Amino acid sequence: MRRWKTWESIAVEDYFDDITQPNRWNSLEKLDKIHMTSNGIIPDGSKVSQLSPKNGNALNDPSLLCTVCKQLFRRPKFLRCLHSFCKSCIESLVCNEYGKEGLVVCPLCSLPSELGSKGIDALPVNFLIGATLKKRNFVVEEKKAPVRCGNCEDNAEATGQCSDCSEFLCDRCTAAHRRVRVTREHQIISLNELATEDEENNNSQCSADSCSDHGREELTYFCQTCEKLICRECTIVNHPKTTHTFEPLREASSKHRQEISELLGTIKMRSPFVKRALLEIEEACGDIPQHALAIEEQIKSSTTRYIRALKEREARLLDDLGAMREYKVTLLEQQKERLYKGIGDIESNCGLIEMMLREGSAAEVTRVKDFMTGRLQSLMNLIQDMSPTEGPELDYVTEEDLLFDVINRGGKLESSTMPPAVRLIGEGLYNAAVGKTSSFALAVREGAEMAKHDIDVRIETPDLIILTCNITENSSRLYTISYKPRIHGEHVITVLTRGEHAEESPYTVDVKKGHMCFATKSPPVCLRFGYKGKGRGELTGPSDVAAACNGIIAVADTLNDRIQLFTSKGGFLRQFGSSGEDVGKFKSPTGLCFSQAGQIVVADQQNNRIQVFSMDGVLSKVISCKGRSAGDLKNPTGVAVDEEGQLLVTDQQNHRIVVFDSNGVYCNQFGSLGTKDGEFNNPSYITVSQDGEILVTDTSNHRVQIFDPMGKFQRRFGRPGTGDGEFHYPTGITVDSSGYIFVSDRTNRVQVFNSHLRFVTKFGGKISGDGQLNGPLGLDYTPEGRVAVTDAGNNSVKVFYFPNE
């Protein structure tokens with residue numbers, strides 16, 4: 001049975017290689033194209049323009065080449081399909097083929113783009129290409145054929161153009177042009193000036209943030225009524241408050257980014273299903289010849305059986321024909337013998353009777369009358385048997401119409417059946433760990449009617465208990481099913497839709513234990529990844545770490561203002577985010593966790609907000625409001641998700657925990673500034689145990705406090721100090737599947753406590769070695785039970801485990 005993985009886990013393990021197949025389907029073709037392009041040849045055989053030396057290997061980046069003119073982009077414009085072309089190329093495409101005025105058909109995807117009243121000028125500029133060209137300082141030096149003078153017969157090279165006559169002129173004709181009285185006042189522009197002007201126009205097209213109605217006024221507002229960017233002057237003259245609604249561009253941009261990100265997130269969630277369909281189509285294309293060959297053999301075998309049956313029928317009919325022929329001949333021969341004997345009797349008896357009648361006396365005839373009469377009567381009966389008992393004719397009733405009808409209905413070719421109504425995909429169908437939320441997606445096929453109440457998911461644990469799971473409706477055709485295992489071992493996931501099993505249901509998941517064994521005196525083994533820097537896989541002051549159910553490790557690369565994802569062995573996967581205040585950007589991201597739907601929740605500390613992203617880095621949700629009121633945040637640091645899917649945030653400078661529901665709506669809060677039970681002084685990080693208890697590092701009070709799921713204080717442990725069981729500004733905290741509590745503090749160590757809050761062991765120490773720590777902050781346990789710690793002072797992440805686990 002084929003097991004389909006999620007698209008996000010492509011780089012996690014080598015055995016996911018089958019999913020990366022689409023990336024290689026056209027690899028040879030792409031390599032050929034890149035190779036040809038790097039040599040100045042476009043695949044269609046034409047030459048590209050030559051580049052100046054400072055352009056380097058510009059042609060190695062096909063995204064900078066217009067696919068129409070095969071040159072570096074000049075005034076790149078977006079079409080509705082988001083494909084970009086030079087402005088001049090788009091002008092050549094208008095009415096080029098379809099003949100409809102005001103319509104441009106994309107030469108790549110054939111989607112039409114309608115032009116407004118302003119025509120091509122209204123199309124938005126591709127600022128990404130413009131910025132890239134400007135950043136790399138690319139200059140196009142096109143080797144064009146020299147322009148010839150159109151006035152003289154010497155075919156000299158033109159040096160200028162008359163703006164009135166629109167004619168190219170050489171130096172001699174330019175001088176003559178200025179001497180003639182009729183053309184003396186004409187303006188002649190040199191070709192160099194024309195080229196410079198054209199380049200300036202090109203650059204201005206790629207960075208137009210000024211108002212077209214009010215000179216160089218900066219566009220700082222967005223008119224919601226007109227759906228366009230406006231400047232400060234526009235808010236007074238063209239878009240007054242009395243009739244128009246507008247808002248600052250930054251606020252509008254944030255709303256637009258979030259709206260687009262939510263839509264993008266929904267599409268990205270469906271993307272794995274589309275990619276899976278591509279894999280299935282590719283596999284089906286490869287299997288068609290084999291299936292066709294099998295059907296061909298069936299057809300031939302069936303036809304052979306038909307022919308054999310007809311041959312057998314033919315033999316039986318021929319046998320019957322032979323028997324009938326023998327029967328007829330026998331009957332006729334017997335009749336012929338009887339008739340031959342009868343003829344002889346008639347001739348002899350008739351002759352005798354005639355003689356007796358002729359020569360006998362009256363008395364003699366009378367005496368034998370009875371004999372003669374009886375004999376003649378007998379001969380009379382013999383004469384009546386003169387017709388042949390059997391004729392020579394034989395009839396053959398074929399019933400061909402019935403036979404041909406049966407033959408025509410004797411075989412029928414049919415295609416495959418309708419695809420299943422629902423499709424399942426996700427890590428939660430294959431990977432899970434105790435205490436870690438696992439999830440998978442269910443997509444409903446287009447045309448199939450399915451509601452949430454039609455879906456029944458049952459997860460059976462090894463001890464035959466049905467595990468609770470959550471079904472979240474993302475859209476009318478997309479659902480997320482999440483669950484959190486409580487014990488390790490084989491779990492059986494059954495997915496029913498309207499009482500019938502979904503494809504490949506039930507699934508079997510071997511849930512990992514998610515805890516270590518501390519019954520050893522050996523020091524823990526350490527796996528390190530990350531070194532100081534800004535490159536991929538490099539870290540600068542990481543603050544927190546979160547491990548997903550499939551082993552992927554997310555790291556808050558705080559001083560680089562980004563999130564990076566690694567494999568369980570420390571291999572770099574991807575990154576997202578950059579420095580800034582716009583949604584999707586960060587200023588000191590400090591806290592991380594995974595939601596029930598497998599999304600990454602980030603505490604964006606200096607922006608005073610929480611942002612939620614998909615595993616691909618697509619923004620899904622923003623929770624933002626700076627202040628001290630209910631639901632406001634001020635320097636949030638840690639985040640966690642409880643059993644109900646609620647989001648718990650350590651609101652550090654407000655000295656409290658703020659609770660939001662899964663949609664980001666404020667629910668409640670608990671805690672305040674102080675030293676009493678239930679009060680905080682700069683709480684840092686937060687975690688939730690399997691029993692639903694909430695554990696918070698009360699940093700400046702040098703302790704850990706434990707609350708029930710409703711936020712009611714239960715107990716605390718730890719006191720100020722540097723000894724075992726004591727804390728000096730505790731920060732990171734996590735609880736593994738066995739209830740062991742891991743806490744980091746400023747003594748550069750991680751202490752381990754059991755479920756009874758008793759000290760068990762510790763590891764770390766202020767050295768830069770792989771097994772040591774320098775400023776540990778956030779931590780989390782992996783599906784294998786190992787502990788990942790952000791070593792901020794060493795700009796790395798260290799994963800600890802004991803060798804005999």
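**Close-up views of a predicted model**

View 1. Leaving out residues up to four places away in sequence, Val457 touches Phe440, Cys469, Ile471, Ile481, Ile493, Thr494 and Val495.

**View 2. The largest nonpolar core.** This core has 26 residues, and the members that touch the most others are Leu424, Phe440, Leu442, Val457, Tyr483, Ile493 and Val495.

**View 3. Surroundings of Gln599.** Gln599 sits in the loop that runs between strand E25 (589-594) and strand E26 (600-604). The relative accessible area of Gln599 is 19%, so the residue is buried, the limit being under 20%. The side chain of Gln599 makes a polar contact of 3.2 Å with the side chain of Ser620. Not counting residues up to four places away in sequence, Gln599 touches Ser620 together with Cys593, Phe594, Val612, Phe613 and Ser614.

**View 4. The second largest pocket.** The space in this pocket amounts to about 1100 Å³. Its lining is made up of 47 residues, and those nearest the centre are Met269, Ser595, Ala597, Gly598 and Gln599. Two or more lining residues come from each of helix H7 (249-359), strands E12, E15 and E16, and strand E28 (619-624). Helix H7 contributes the most, with seven residues. By class, the lining of the second largest pocket holds 22 polar, 17 nonpolar and eight charged residues.

**View 5. The largest cavity.** Three cavities of 30 Å³ or more are found in a search of the whole structure. The largest of them has a volume of about 470 Å³. It is lined by 31 residues, of which Gly435, Lys436, Cys593, Thr687 and Asp780 are the closest to its centre. Strand E21 (544-547), strand E25, strand E29 (636-641), strand E33 (683-688), strand E37 (733-735) and strand E41 (776-781) are the elements that give two or more residues to this lining. The lining of the largest cavity comprises 18 nonpolar, eight polar and five charged residues. Cys593, listed here among the residues closest to the cavity centre, is also one of the residues that Gln599 touches.

Key. Residues numbered from 1 in each chain as written. Predicted model: local features only at pLDDT ≥ 70, side-chain atom pairs only at ≥ 80, totals over all residues. Heavy atoms only, no water. Helix = DSSP H or I, 4+ residues; strand = E, 2+ residues; numbered from the N terminus. Buried < 20%, exposed > 50% of the residue type's maximum accessible area, 1.4 Å probe, protein only. Polar contact = N/O pair within 3.5 Å; in protein donor to acceptor, adjacent residues only side chain to side chain. Contact = heavy atoms within 4.5 Å. Core = buried A, V, L, I, M, F, W, Y, C linked by side-chain atoms within 4.5 Å. 1 Å grid on protein atoms, 1.4 Å probe; cavity = no way out; pocket = protein on both sides within 12 Å on 5 of 7 lines; lining within 4 Å. Points joined across faces, edges and corners; volume = space filled by probe spheres on them. Nonpolar A, V, L, I, M, F, W, Y, C, P; charged D, E, K, R; others polar.
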